[in-house]
Amino acid sequence: MITILGKTIINFIKNISGVIKLLVDILYWLIIGPFKGKAAQRQGIFNQMIFTGLRSMPIVFFVTIFTGVVLAMQSAYQLQKMGAVLYVASLVAVSLCRELGPVLTALVVAGRVGSAFAAELGTMKVSEQIEALETMAINPVRFLAVPRFIALFFMLPCLTILGNLSGMVGGYLVGVYSLNINPDLYIQTTFKYLEIKDIYTGITKSFVFAVIIALIGCFEGLNTKGGAEGVGRATTRSVVISFILIILADCIITSIFYFSKL
Amino acid sequence: MNITEEKKDGITICNISGEININTSPQLRKSFESFVEANTAKIVVDFSQVSYIDSSGLATFIELLQRLKKVGGTFRICSMSQKVKNIFEVTKLHKLFEIFDSREAALNNFL
Amino acid sequence: MIKKDSKDEPIISLKNVSKYFHGNKIIDNVSFDILHGETFVIMGCSGSGKSTLLRLMTGILKPEEGSIFVKGKDISKIRGEELDEVRKTFGMLFQYSALLDSLTVEDNVSLPLKEHTRLAQEIIDIIIKMKLSLVGLRGYEKHYPSQISGGMRKRVGLARAIALDPNIVFYDEPTSGLDPVVGGVIDKLIKELSEKLLITSVVITHDMQSVFNIADRVAMVHKGRIIDVTTPDELRSSQNPYIQQFINGRPLGPIDFFKEDIGIGEIFGL
């Protein structure tokens, strides 16, 4: 029992140091690489941006718009008792931009993109493709992880903005067509209580989430062992670990903002 | 690698010495570019001082051949060492180029 | 690049190399030299450690003891850019080709050229065509690895391995999983490359046909040890019981695949 516990702890520490090493490697190639004439391929970054950004738009859109609808109905149910139905608009806007937009988008992207990173790199690892890159003197981190990292780092905040907007559209639909709030008034109330800091706290979070998803996905992929089963395990692990870390990071960042009165 | 050129009866003779490899072939390509632009339709390359040629060098010659074909030019290689000849043979490129044993033979056959 | 070094000078030299995996000695005090321009075959059963030997020579694995000199540099001690500089001068053909699935045939072959040279795109395109026609593959440039057969993938892998005109090429089971005809074609390519371009070839195989076709010298590996280094002709007449068993494919002999001393009863705990 104690040996199992000990092994788990050792593995845990190994993984953490592995993830940190990967982050240092990525930053090295990101910052030092271009000066050595070894910048990441533009084509690779572009392809990854299409995959992580453009192709994630439908799922982000649907998830957040329905969340907006649910959020509006749920808050209307409470606010009706106080005769403050109008404030549905600002409640939806603020809670989406500060919290639900970034977190939901990150979770969706972790499931779609992070798992794909792990599966793709994992398959490359078990089929000797990573080793082939190394023997060709091509650094796998620079060639595979850096483009994915850059693409996700810029695309996740964009997707978060899309998520915020489509969530507000969901709230608007409920507010105007079900709660019979005047459309102009709804839009007015939305922006009256939405401050610029609500938006940037949300975007700040999404940058952190992007780092988490890309790092965990690439780490699990590059450290895959043991054939097809290993690839499956890496994929699952990448999603589970990203989910936990995203919620944990959200909790930490929110409390920083809360206690520092930002 | 060194390139020197001389003109003789409207034929450009190009003497190359040293190794034609990944580092030197871009220089070779550049000097060929000026030949094609100058409409030098007849080119003979003397290989007697070439110690080695790699794929990028071969590719540079193939490109030159393609370009000269468009403008109706002729391109000949002469005086290859056996070692360099082997490289042409294993890539089956000796069938593509007009290869002569000596410089005189290469120059004589021009019409 | 072909150097004028004497043929007798070793290009790869292993000195007292040992490698452990999880406490087990996989490579046991191995020493041998590979000479300039020769085709050196390492043969042995599955699990004998021959693939590990190859990975030690390419610097993917590091030995616990001993040193491995490739072109004068101890590949077991260097890392990073210094290691990459050595790696640029050798190519490797992988057992399952290890082509990048996300790239087309031509992009796979051009990858090392694009990464390591500043050649113009037109020149790279011509080099790709040359390399692909050298391995007898035309008209498949735009195909993805998943769309072509195993034999074709091997040939694309070979084209990629020789893209940068290496002077050493490592082959990991080049003929395994291929039909005899395609296997023969690959053998002929290996022989041609090493004879005409003076490429040093290091081949790992257990295909005896291939050993007799291509080898200049053969090393027999068993349980992480070199049993013998010899020529193919001497191989046939060798009195060594390990070699005799291996080349004739006998199930019984000193290579104890079936452990005679473990009775059937022991397996079932009776």
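C:Lys188 is exposed in this predicted model, its relative accessible area being 55%. This lysine forms a salt bridge with C:Glu192, and the closest N and O atoms of the pair are 3.6 Å apart. Both residues belong to helix α6 of chain C; because C:Lys188 and C:Glu192 stand four residues apart there, about one helical turn separates them. Elsewhere, salt bridges that share partners join residues of two chains into one network, made up of B:Arg29, B:Glu33, B:Glu63, B:Arg67 and C:Glu122. Over all chains, the structure holds 33 salt bridges.

A further salt bridge of chain C links C:Glu173 with C:Lys50, with 3.4 Å between the closest N and O atoms. C:Glu173 lies in the loop between β7 (168-172) and α6 (180-196) of chain C, whereas C:Lys50 is found in helix α1 (residues 50-57) of chain C, so the pair ties together parts that are 123 residues apart in sequence. Both partners fall under the 20% limit for burial: the relative accessible area of C:Glu173 is 5%, and C:Lys50 is buried at 4%.

The salt bridge between C:Asp28 and C:Lys25 likewise has its closest N and O atoms 3.4 Å apart. Here C:Asp28 counts as buried, at 17% relative accessibility, while C:Lys25 is partly exposed, with a relative accessible area of 39%.

Chain C also contains an open sheet of six strands, with mixed pairing and the order β6-β7-β8-β3-β9-β10. At its edges are β6 (90-93) and β10 (225-230) of chain C, each of which pairs on one side only. On average, and with direction ignored, neighbouring strands of this sheet are turned by 15 degrees against each other. Strands of a sheet pair through backbone hydrogen bonds, in either a parallel or an antiparallel manner. In chain C, β7 and strand β8 (residues 200-205) run parallel and are joined by five bridges. Within this part of the sheet, C:Val169 has C:Ser201 of β8(C) as its bridge partner.

Helix α6(C) packs on the sheet, where it touches β3 (39-43), β7 and β8 of chain C. The direction of α6(C) makes about 155 degrees with that of β8(C).

Key:
Residues numbered from 1 in each chain as written. Chains lettered and ligands numbered in written order. Predicted model: local features only at pLDDT ≥ 70, side-chain atom pairs only at ≥ 80, totals over all residues. Heavy atoms only, no water. Salt bridge = Lys/Arg side-chain N within 4 Å of Asp/Glu carboxyl O. Buried < 20%, exposed > 50% of the residue type's maximum accessible area, 1.4 Å probe, protein only. Helix = DSSP H or I, 4+ residues; strand = E, 2+ residues; numbered from the N terminus. Pairing = 2+ DSSP bridges. Axes fitted to C-alpha atoms, helices over the stretch in contact; angles between N-to-C directions. Contact = heavy atoms within 4.5 Å.
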